[in-house]
Amino acid sequence: MITTRILVTGGAGFIGSHYVRTLLGPDGPPDIAVTVLDNLTYAGNPANLYEVRDDRRFDFVRGDICDADLVDPLVPTHDQIVHFAAESHVDRSLLGPAAFVRTNVVGTQTLLDAALRHGLRTFVHISTDEVYGSIRAGSWPETDPLRPNSPYAATKAASDLLALAQHRTHGLDVRVTRCSNNYGPYQFPEKAVPLFITRLLDGRPVPLYGDGLHVRDWIHVDDHVRGIELVRTAGRPGEVYNIGGGNELSNHDLTALLLRECGADWGMVTHVEDRKGHDRRYSVDFSKIRDELGFAPCTDLATGIARTVHWYRTHRSWWEPLLRRAESEAA
Ligand code: NAD
């Protein structure tokens, strides 16, 4: 019997679709139904939801989270929202921040307004470690101040604060997750891991920003999704939970790993000018979700990257059309 109807925004994107496939997969909870709300930007892809399209517990609504006339009647037919929808690529935010403000800030507020108006049970807001800024040493606990640097991170920080404000002022059950860099299958080939893999598999060079010594913590999308489920089902209202993979690596070392898995060498790497305002290091302290909810990342980085390269090797029909479209739009 269905007891919980979940509205998943951005469920046709990389992490959101992984979440939906997991919830509706053989090990998912038996008592849930899922509606994906997604307006299918360049990053949203119906093929990501192909596996679940005939599941009677699944529904898809194509639409914009900023559209209050659409969102308002949709929310009360659900018990919970898990909110992934966002403009998510830092490089794009440097060129055109307005779309980020619209979707990430105004879109989140539109959902929060409807959630409050209709007494929604739980609102899980999916955020990022990038809201904390950059850290030289140590790791951020959830209590650290937000010092975002890119327009992407600034809009995500704004939406985190708006979500938490709705809890503090009106008691809405809002839970925020802040996760580190994800990798895995179905990631649009613009972010570092899928960009490098798809280019290397095509025998094309890959661009490495600056000195390559920027450090990120990498987490397999399976682990992120498990963390989100723990927060949705057992987290506390009004709380923030960092989620990390425990795999800190410089971009140089990540590149070395990808080169090896793709059977390429350093001759394929082009050093390019650094990204403007490029954060030097990210590191989340995820002891809270570990101690409180029993979270532990399971996928070791070398195995996860090998599996991801294998997926891209065997799913050219998924990514080749995306690359062709992106290249024709850029031309
Ligand atoms: P993505 O870009 O792959 O997917 C975003 C999805 O949102 C797409 O399906 C897109 O069509 C949809 N969308 C965008 N604007 C919309 C709008 N106005 N209305 C409805 N749908 C809209 O992003 P992702 O990498 O899967 O990230 C999902 C969430 O996780 C984001 O909130 C992001 O900030 C967060 N996050 C991502 C990472 C990462 O490494 N990718 C890490 C931490 C947190």
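Tutor: A crossing is right-handed if the near helix is turned clockwise from the far one by less than a right angle, and left-handed if anticlockwise. The model is predicted, so local features need pLDDT of at least 70 and side-chain atom pairs 80 or more, while totals for chains, interfaces and linings use all residues. Residues are numbered from 1 along each chain as its sequence is written, and side-chain values use heavy atoms, without hydrogens and water.

Student: What is the handedness of the crossing of α8 and α10?

Tutor: Helix α8 covers residues 251–262 and helix α10 residues 301–314 (helices are DSSP runs of H or I, at least four residues; strands are E, at least two). Their axes, fitted to C-alpha atoms over the stretch in contact, are 10 Å apart at about 50 degrees. The crossing of α8 past α10 is right-handed.

Student: How is α1 oriented to α7?

Tutor: Helix α7 spans residues 221–234, and its axis lies 10 Å from that of α1. The packing angle is about 70 degrees, which makes the pair roughly perpendicular.

Student: Which element gives the most to the shell around the ligand?

Tutor: The ligand has 29 residues around it (a heavy atom within 4 Å), and Ile15, Asp38, Ser88, Tyr152 and Lys156 come nearest. At least two residues each come from α1 (14–23), β5 (122–128), α5 (151–170) and β7 (181–183). With three residues, the element giving the most is β5.

Definitions and conventions
Axes are lines fitted to C-alpha atoms, for helices over the stretch in contact, and angles run from 0 to 180 degrees between N-to-C directions. Angles under 35 degrees count as roughly parallel, over 145 as roughly antiparallel, 65 to 115 as roughly perpendicular and the rest as oblique.
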